[in-house]
Amino acid sequence: MKRLSAILLTFAMAVSLAGCGGKKDPKEIYDDAVKKQKEMASFDADMKMDMSLVHDTETMDISMVMNMKIDGINTESMRYLMDGTTSTMGQNLDTMMYYEGGYCYMEAMGQKFKYTMELEDMVQQVEQNIGASSLDSSYLKDISAKKDGDNQILTYTVDEAKMEEVMEEMMDILGNTAAGIDSASNTIKALSGEMVLNKEGYAISSKANLSMEMVMGGDTATIELEMEVTYNNPGQEVSITAPEGLDSYTEIDASQLGL
């Protein structure tokens, strides 16, 4: 589910922060957005995701709400904070993840632990989440732009075959954390989205929809996923407050988490 979130965010964020551009070609707006996205130093967004996984006659519904804040991307002083709740089968799981000074702090199911993490590894993970990738408009089948008052709306669909290549690359990056999943065969049926830009050219909201089939061990499952993202004060500095009591977190080796 985390990887699916990253996939959608890749495209949701890739078309964010694009200038209105008048009669500029939508693909040019998109490519300008990718460049601008890579230059972001701070980021704050709320995300809501609903996913249905169907296997044979059984259906599992999973929903997630999350806030993600990042400041000082790719600098020694980078800080990252994620708070989220995942709900399924009547159960709620609250999760917190915080990064600062070479340590990643996590809290889940009443457990608090920390482990060392190189800056470049954390940056790579952050870039997966916010979509600060090298993907350009060649990954899109089509994209259009229209005005809505002071805002501009970008609507796009993604080349499914090329996106499947991206998924394979992401699995390679995840390595051991994808154990048991890296052998799955994934077929993206459809991936599309919409981004609303304000008059300054910053994204204020986005939507993305994914339809996918996964085959693993002879079993086939279909996945339908919808995601909505709201961007808070885009283009402004982000203030991050560290969780209390970080000194009390139990230190572990990252290998215990399969990292």
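Let's start with a pair of charged residues: lysine 141 and glutamate 160 form a salt bridge, with their closest N and O atoms 3.2 Å apart. This pair ties together distant parts of the chain, since lysine 141 sits in strand S7 (residues 140-148) while glutamate 160 belongs to helix H4 (residues 160-174), 19 residues apart. Keep in mind as you look around that this is a predicted model.

Lysine 141 has a relative accessible area of 47%, so it counts as partly exposed. Glutamate 160, with 18%, falls under the 20% limit and is therefore buried. Side chains of opposite charge can pair when their charged atoms come close.

How many salt bridges does the count come to? The answer is two. The other salt bridge joins lysine 48 to aspartate 50, where the closest N and O atoms are 2.6 Å apart. Here lysine 48 is partly exposed at 40% relative accessibility, and aspartate 50 is partly exposed too, at 34%.

Now step back to see the whole protein. It is built with four helices and 12 strands. Of its 259 residues, 44% count as buried. The accessible surface comes to about 13,300 Å², and carbon and sulfur atoms account for 46% of that. Among contacts between residues at least 6 apart in sequence, 60% join residues at least 24 apart.

An open sheet of 12 strands runs in the order S7-S8-S9-S10-S11-S1-S2-S3-S4-S5-S6-S12, with mixed pairing. At its edges are S7 and strand S12 (250-251), each of which pairs on one side only. Strands of a sheet pair through backbone hydrogen bonds, either parallel or antiparallel. For a close look at one pairing, find strand S5 (residues 103-108) and strand S6 (residues 111-116): they run antiparallel and are joined by six bridges. Within this pairing, tyrosine 105 has lysine 114 of S6 as its bridge partner.

Valine 196 lies in strand S9 (residues 185-197), and its relative accessible area of 14% makes it buried. What does valine 196 touch, leaving aside its neighbours within four places in sequence? Its contacts are Asn151, Gln152, Ile153, Tyr202, Ala203, Ile204 and Ser205. The C-alpha atoms of valine 196 and threonine 155 are 8.9 Å apart, although 41 residues separate the two along the chain.

Serine 211 is found in strand S10 (residues 203-216). Is serine 211 buried or exposed? With a relative accessible area of 15%, serine 211 is buried. Not counting residues up to four places away in sequence, serine 211 touches Thr187, Ile188, Lys189, Ala190, Ile223 and Glu224.

Finally, look inside. In soluble globular proteins, nonpolar side chains tend to be buried together. In this model, the largest nonpolar core has 51 residues, and those with the most contacts inside it are Tyr80, Met97, Tyr99, Tyr115 and Met122. A second, separate core has eight residues, among them Leu81, Met96, Tyr98 and Tyr105.

Key
Residues are numbered from 1 along each chain as its sequence is written. This is a predicted model: local features need pLDDT of at least 70, side-chain atom pairs count only at pLDDT 80 or more; totals for chains, interfaces and linings use all residues. Side-chain values use heavy atoms; hydrogens and water are left out. Helices (H or I, at least four residues) and strands (E, at least two) are DSSP runs, numbered from the N terminus. Buried means under 20% relative accessible area, exposed over 50%, partly exposed in between (1.4 Å probe, protein chains only). Contact means heavy atoms within 4.5 Å. A nonpolar core is a set of buried Ala, Val, Leu, Ile, Met, Phe, Trp, Tyr and Cys residues joined through side-chain atoms within 4.5 Å. A salt bridge is a side-chain nitrogen of Lys or Arg within 4 Å of a carboxyl oxygen of Asp or Glu. Two strands pair if DSSP finds at least two bridges between them. Accessible areas come from the Shrake-Rupley method with a 1.4 Å probe; for residues, only the protein chains shown count as cover.
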